[in-house]
Amino acid sequence: MFKALLLTKTDDAPLSAAVTDLDDDRLPAGDVLVQVASSTLNYKDALAITGKAPVVRSYPMVPGIDLAGMVVESSDQRYRPGDPVLLNGWGVGESHWGGLAQRARVKADWLLPLPGGMTPSQAMAIGTAGYTAMLCVMALQQNGVATDHGPVLVTGANGGVGSIAIALLSRLGFTVHAATGRPHEAEHLKALGASEVIDRSTLNAPGKPLQKERWAAAIDSVGSHTLVNVCAGIKYGGVVAACGLAQGMDFPGTVAPFILRGVTLAGVDSVMAPYARRAKAWDRLAREMPHDLLARNTETIGLADAPAVAARLLAGEVRGRVVVDVNA
């Protein structure tokens with residue numbers, strides 16, 4: 001038996017999220033059985049747990065798009081019992097039972113070896129948010145953005161992607177501007193590496209198609225008007241890595257920044273990214289993510305705390321990353 005946060009919903013009963021004792025036989029099919037040590041709470045997990053958006057494909061469901069732990073059983077030769085592993089994305093926690101449980105059975109193709117020197121809790125303090133942030137940094141660098149080109153803007157700065165993006169960019173030598181709706185967190189953002197903090201209200205309403213050239217590049221997890229205004233304020237030849245839709249999935253803008261300033265809008269997907277790109281991102285995270293800043297940016301909770309913290313996360317009351325100790 002193992003404990004899991006189980007989501008249930010029927011035509012006759014509303015959504016329920018409760019820690020439940022389950023047998024291994026309840027787990028879905030897969031090549032590898034993992035003893036989960038740590039998971040995390042992402043924005044998508046919060047949507048699933050609260051039912052605020054229809055991200056869960058079927059019920060019952062164990063949410064949790066991330067997990068880290070140790071292989072217990074494997075029918076795939078790439079993994080053996082005792083191997084430390086991690087998983088991000090692939091529809092886990094949406095269409096396949098996920099990481100907010102003490103056990104998970106998954107496809108071997110979805111797993112990565114846990115990078116050497118990294119603990120499961122550190123991996124989950126990074127999680128999909130940090131892994132996505134690294135993919136965004138890689139996208140900027142692959143498109144030629146350099147430290148001497150000017151400041152890089154990070155929107156949604158107090159969120160998981162934003163906070164880790166700030167730390168990574170700062171460590172690489174970039175000047176980082178952070179946009180947030182929580183100006184009282186300015187000192188925390190500066191401690192992560194931001195040199196300037198701006199209020200998101202200057203970006204989240206309709207603006208001019210072309211605006212003052214302020215940033216060489218940007219990482220945006222917000223979408224909608226914010227992304228449009230960010231593109232409008234990018235310097236000639238700059239790059240925007242877009243990875244989220246916290247404000248909305250619409251793009252109510254014009255082509256002006258792209259055809260008049262040569263701005264590149266680079267889409268970043270973390271869910272279905274191929275193995276080689278994932279492995280490179282995690283290798284870089286193991287080498288480049290400052291552990292002291294990671295600890296400062298992380299809150300650890302138990303499995304039973306997840307529903308309450310999910311509600312806080314959607315209300316914008318959670319700073320940085322949340323690690324779930326599934327054995328607490």
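On a 1 Å grid over the protein atoms alone, a cavity is a set of points where a 1.4 Å probe fits but cannot get out; grid points are joined across faces, edges and corners, and a volume is the space filled by probe spheres set on the points. One cavity of 30 Å³ or more is counted by this rule. The lining of the largest cavity is made by P209, V228, C231, F251, T254, P257 and F258, a lining residue being one with an atom within 4 Å of a point. Helices α5 and α6 are the elements that give two or more residues to this lining. Helices (H or I, at least four residues) and strands (E, at least two) are DSSP runs, numbered from the N terminus.

This is a predicted model, in which local features need pLDDT of at least 70 and side-chain atom pairs count only at pLDDT 80 or more, while totals for chains, interfaces and linings use all residues. Residues are numbered from 1 along each chain as its sequence is written, and side-chain values use heavy atoms, with hydrogens and water left out.

The largest pocket has a volume of about 1,500 Å³. A pocket is an open set of grid points with protein on both sides within 12 Å along at least five of seven lines. Its lining comprises 49 residues, of which Y43, S221, G244, L245 and A246 are the closest to the pocket centre. At least two lining residues come from each of α1 (43–50), α2, α3 (160–171), β9, α5, α9 (306–314) and β15 (321–325).

## Six-stranded sheet

Six strands form an open sheet in the order β10-β9-β8-β11-β12-β13, with parallel pairing. Its edge strands, each pairing on one side only, are β10 (194–199) and β13 (264–267). From one strand to the next the twist averages 20°. Two strands pair if DSSP finds at least two bridges between them. Within this sheet, β8 (residues 152–154) and β9 (residues 176–180) are parallel partners over three bridges, and V152 is placed opposite V176 in β9.

## Helices on the sheet

Helix α5 (residues 224–232) packs on the sheet and touches β8, β11, β12 and β13. Its direction makes about 150° with that of β12; axes are lines fitted to C-alpha atoms, for helices over the stretch in contact, and angles run from 0 to 180 degrees between N-to-C directions. Eight of the nine residues of α5 are buried, where buried means under 20% relative accessible area, exposed over 50% and partly exposed in between (1.4 Å probe, protein chains only). The buried residues are S224, T226, L227, V228, N229, V230, C231 and A232. They pack against β8, β11, β12, α6 and β13, contact meaning heavy atoms within 4.5 Å.

Helix α2 (residues 120–142) lies across β8, β11 (215–220) and β12 (234–242). It runs at about 150° to β11.

Strand β15 is largely enclosed by the rest of the structure, because four of its five residues are buried. It runs antiparallel to β3, joined by three bridges, and T40 has V323 in β15 as its bridge partner. Strand β14 (residues 298–302) is parallel to β15 and joined to it by five bridges; here E299 is the bridge partner of V322.

Strand β1 (residues 2–8) has five of its seven residues buried. It pairs with β2 (residues 16–22) in the antiparallel sense over seven bridges, with L7 opposite A17 in β2.

S39 belongs to strand β3 (residues 32–40) and is buried, with a relative accessible area of 0%. Its side chain reaches two backbone oxygens: that of D66 at 2.7 Å and that of G99 at 3.5 Å. A polar contact is a pair of N or O atoms within 3.5 Å; within protein, one must be able to donate a hydrogen and the other to accept it, and residues adjacent in sequence count only if both atoms are side-chain atoms. Not counting residues up to four places away in sequence, S39 touches G64, D66, G99, L100, M124, V322, V323, V324 and V326.

M249 sits in the loop between β12 and α6 (256–260). It is exposed, with a relative accessible area of 75%. M249 and V222 are separated by 27 residues in sequence and by 8.4 Å in space, C-alpha to C-alpha.
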